[in-house]
Every structure is written in structure tokens, then in C-alpha cells.
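These entries record what I looked up, in the order in which I took up each topic.

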Amino acid sequence: ILNLKDESGKAVEVTLWGEFCNRDGRQLEEMVDSASHPVLAIKAGKVSDFSGKSVGTISSTQLFINPDFPEAHKLRNWFDHGGKDTASFSISRDTMPGGSSRNEIRKSVSQIKEEGLGRSEKPDWITVKATVSFIKTDSFCYTACPLMIGDKQCNKKVTRSGTNRWLCDRCNQESDECDYRYLLQVQIQDHTGLTWVTAFQETGEEIMGCPAKKLYALKYELEKEEEFAEIVRDRLFHQYMLKLKIKEESYGDEQRVKMTVVK
């Protein structure tokens with residue numbers, strides 16, 4: 001299930017079925033996971049009125065990822081210059097009668113381990129109601145490459161070069177500035193236990209309530225440790241509905257279950 005938004009201030013859910021999941025869905029998932037948000041054009045999708053408007057794929061549907069036509073370029077320009085940060089109202093109602101979402105699997109924190117979630121071939125997607133109990137502050141963001149590769153930002157980690165500029169190994173170029181993107185390690189807990197999750201840029205910003213650049217400046221440039229600590233303290237013990245993607249990954253010789261906050 002994808003969530004699409006445009007300049008209208010509205011968002012809609014799109015459900016991919018069958019082969020669309022394995023082919024286009026996998027490609028779209030990889031792009032979003034790498035912080036690239038593609039423009040998607042859908043031809044001959046089926047519009048459903050069930051519990052709000054939504055779109056589904058049928059055999060004659062065609063999907064075009066980052067198509068090359070004026071409307072797509074206009075949309076990309078809008079998204080890159082502030083559109084990604086604008087709120088949008090979903091015309092696909094998240095909840096069904098009785099309060100559960102169409103695609104929502106509710107779990108408790110302890111069930112993640114007990115049921116071995118994330119250990120199968122495909123990721124598990126679940127929703128937990130949990131409280132943020134701790135936020136790691138030694139490395140809450142990373143310095144990202146601001147250069148564009150085609151129509152998307154590189155976003156790979158950059159390091160200070162000898163000329164005091166920012167060097168990207170992927171682009172093999174230096175920049176005067178860098179972006180600051182969240183890579184937030186957050187401990188969450190409910191009545192059954194606690195676990196660690198990772199929140200990237202958008203969800204990190206939602207949890208922290210401010211851009212990563214502001215926090216970075218407070219801690220490392222202005223050295224206002226107390227103000228920095230106050231912001232972090234203020235973000236603790238808030239309860240959230242967290243949609244998690246859970247997948248086992250290899251780190252060297254070790255298998256680890258990685259949990260990412262996607263919403």
C-alpha cells in the first residue's frame with residue numbers, strides 16, 4: 001500500500017496487487033528506503049469508494065516511475081522545494097468501522113520477538129502503540145550529500161575534506177554545504193516490554209519536533225548543551241501509534257532484526 005500526495009493538499013492510498021508488488025512495488029520500496037521519493041503516474045487504476053477513495057491495480061493498469069513529462073517535472077519541483085514538508089489530508093480514510101485500518105496489523109512490543117517478526121523473506125509491517133522512553137543523542141543525524149543525481153538528491157554520507165568542504169565518495173565531488181538528515185535511534189516501550197527502532201528523516205523530524213540541522217547546530221556549533229538536552233527531554237514519554245517495518249539484515253557475519261519507523 002502506497003501513499004501518494006500532490007499539490008492539491010490531498011493524499012490517496014494506492015494498493016498494488018500480485019505482480020505489481022514484486023516488480024514495481026519492490027523498486028518503489030527500495031527508492032523510498034534510500035530517501036528518494038519517486039513521482040508515480042498510474043494509468044487505468046481502479047478507483048474504489050469503499051470507506052473513502054482509494055486506487056487499486058488491475059491487469060490493464062500501467063505504472064510509470066519518474067516519467068518524463070511536464071506534469072511530473074512540475075510535481076517533482078513542488079515536492080523538492082517545500083512540498084515534501086506540507087501536510088496533506090487523506091481522502092482514503094485510514095480507519096474502518098470499529099477503529100482498525102484496512103491494512104493494519106496491531107501488535108504489542110513483546111510479540112515482535114515472541115513471533116519472530118522480520119525473519120521471513122519479506123518484511124513484516126505492523127503497528128504498535130508505544131511510548132518513547134529514550135533517545136540516543138551521541139549520533140542522532142548524519143551529514144548528507146546535497147548534490148542531485150538526475151532528478152533526486154544523493155543523500156549519501158559526506159565527510160569534511162582537507163579544504164574544509166564536504167566530500168561525497170559516491171559523487172566524488174566536494175560541496176560548500178551539506179544536509180543534515182535524521183538517523184534516530186529510539187527506545188520505545190509498552191506494557192509488555194521495550195525495544196529499539198530507527199527513525200529516518202521524516203519520522204525523525206516528527207518525533208523530535210524540529211529539523212536535524214537545528215539540533216546539530218545547538219549541540220556542535222553553538223555548544224548549547226542545556227538547550228539541546230531540554231529539547232530531547234521534552235520529546236520523551238510521548239505515546240505514538242507507530243507503523244514499523246521489520247526485517248532481518250546481515251551486518252558482517254551477524255544477523256540482526258532491524259525495525260524502522262515508517263509512519
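Is cysteine 21 buried, partly exposed or exposed? I found a relative accessibility of 34% for cysteine 21, which therefore counts as partly exposed. I note that the model I consulted is a predicted one.

**Cysteines.** I looked next at cysteine 145, which is buried, with a relative accessible area of 0%. The cysteine sulfur closest to that of cysteine 145 belongs to cysteine 168, at 3.8 Å. A disulfide requires the two sulfur atoms to be within 2.5 Å, so this separation is too far for a bond. My search of the whole structure returned 0 disulfides.

I consulted UniProt, where an unreviewed entry places the feature "domain: Replication factor A C-terminal" at residues 125-263. Over residues 125-263 I recorded 48% strand and 20% helix. The end C-alpha atoms of this stretch are 11 Å apart.

**Nonpolar cores.** I then examined the largest nonpolar core, which has 40 residues. The members that touch the most others are Phe140, Tyr182, Leu184, Ile188, Met208, Leu215 and Leu244. Strand β8 (residues 124-135) supplies the largest share of this core, with 5 residues. Apart from this core I found another, of 10 residues, including Val12, Phe20, Val55 and Ile65.

**Methionine 208.** Which residues are in contact with methionine 208, leaving aside its neighbours within four places in sequence? I listed Ile135, Tyr182, Leu184, Leu215, Ile231, Val232 and Arg235. Of these contacts, Tyr182, Leu184 and Leu215 are also named among the core members that touch the most others.

Note on methods: Residues are numbered from 1 along each chain as its sequence is written. This is a predicted model: local features need pLDDT of at least 70, side-chain atom pairs count only at pLDDT 80 or more; totals for chains, interfaces and linings use all residues. Side-chain values use heavy atoms; hydrogens and water are left out. UniProt positions are given in the numbering used here, feature names are shortened, and annotations may be inferred rather than shown by experiment. Helices (H or I, at least four residues) and strands (E, at least two) are DSSP runs, numbered from the N terminus. A nonpolar core is a set of buried Ala, Val, Leu, Ile, Met, Phe, Trp, Tyr and Cys residues joined through side-chain atoms within 4.5 Å. Buried means under 20% relative accessible area, exposed over 50%, partly exposed in between (1.4 Å probe, protein chains only). Contact means heavy atoms within 4.5 Å.
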